[in-house]
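Let's take a quick tour of a single protein chain. We start with the overall build and then zoom in on a few residues.

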Amino acid sequence: MEYLSQERYDEIAAELRDLMFVQYPKLKDDLAEARAQGDLSENFGYRAARRAQAKMISRINFLQKVLKYARVLDTKNLPKDEVTLLSTVEFTNLKTNARMTFQIVSPHEMDLQAGKISLKSPIGSALMGKKAGDIAVAQTPAGPLQLRIESVSI
């Protein structure tokens, strides 16, 4: 089971609809056109269209599975003072005194440039369940990081 924000659930559903009802029918037309060009053993356009079709079917199946097992979190029911999924956490790296702010999200929503880290990442998992003022130790590939939580919000 994957927990998602409503925003990400809607994005995945929109991508799936686009793939199934816009992109795939167009790809089927391209495939039929390539097939009509004759000898399939030497038809590069046909082979490329078949590869694109397989890739698209794989993506559609993946997105369907994500949505099937997804549960949308209602932020009203989440604790406001504890780091949970969809919490925004401001913390300080005690070694460098660098202050950072990230939102803890599911792996399907992770986007470092947008300030979203996965709850399954070393930092995300170390922060889970902590409160403002707590020290979290994240086991990263570069070694352990001590992080002091400054604030938690939803």
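What follows covers the chain as a whole, then an aromatic pair, then one lysine.

Keep in mind that this is a predicted model, where local features need pLDDT of at least 70, side-chain atom pairs count only at pLDDT 80 or more, and totals for chains, interfaces and linings use all residues. Residues are numbered from 1 along each chain as its sequence is written, and side-chain values use heavy atoms, with hydrogens and water left out.

**The whole chain**

The chain has 3 helices and 7 strands, taken as DSSP runs numbered from the N terminus (helices are H or I with at least four residues, strands are E with at least two). Read from the N terminus, the order is β-α-α-β-β-β-β-α-β-β.

How does the radius of gyration of the chain stand against that of a compact globule of 154 residues? The chain has 22 Å, whereas the globule would be near 15 Å; the radius is taken over C-alpha atoms, and the globule rule is 2.2 Å times the number of residues to the power 0.38. The C-alpha trace spans about 70 × 35 × 20 Å along its principal axes.

Of the 154 residues, 34% count as buried (buried is under 20% relative accessible area, exposed over 50%, partly exposed in between, with a 1.4 Å probe and protein chains only).

**An aromatic pair**

Searching the whole structure turns up 1 aromatic pair. The ring centres of Phe91 and Phe102 are 6.1 Å apart and the planes sit at 25°, so the pair is stacked. For the cut-offs, rings of Phe, Tyr and Trp (its six-membered ring) pair if their centres lie within 6.5 Å, and planes under 30 degrees apart are stacked, over 60 edge-to-face and the rest tilted.

| Residue | Relative accessible area | Class |
|---|---|---|
| Phe91 | 0% | buried |
| Phe102 | 17% | buried |
| Lys80 | 47% | partly exposed |

Where does Lys80 lie? Lys80 is in the loop between strand 2 (70–72) and strand 3. Setting aside neighbours within four places in sequence, Lys80 is in contact (heavy atoms within 4.5 Å) with Thr75, Val152, Ser153 and Ile154. Lys80 and Ile154 are 74 residues apart in sequence, yet 6.1 Å apart in space, C-alpha to C-alpha.
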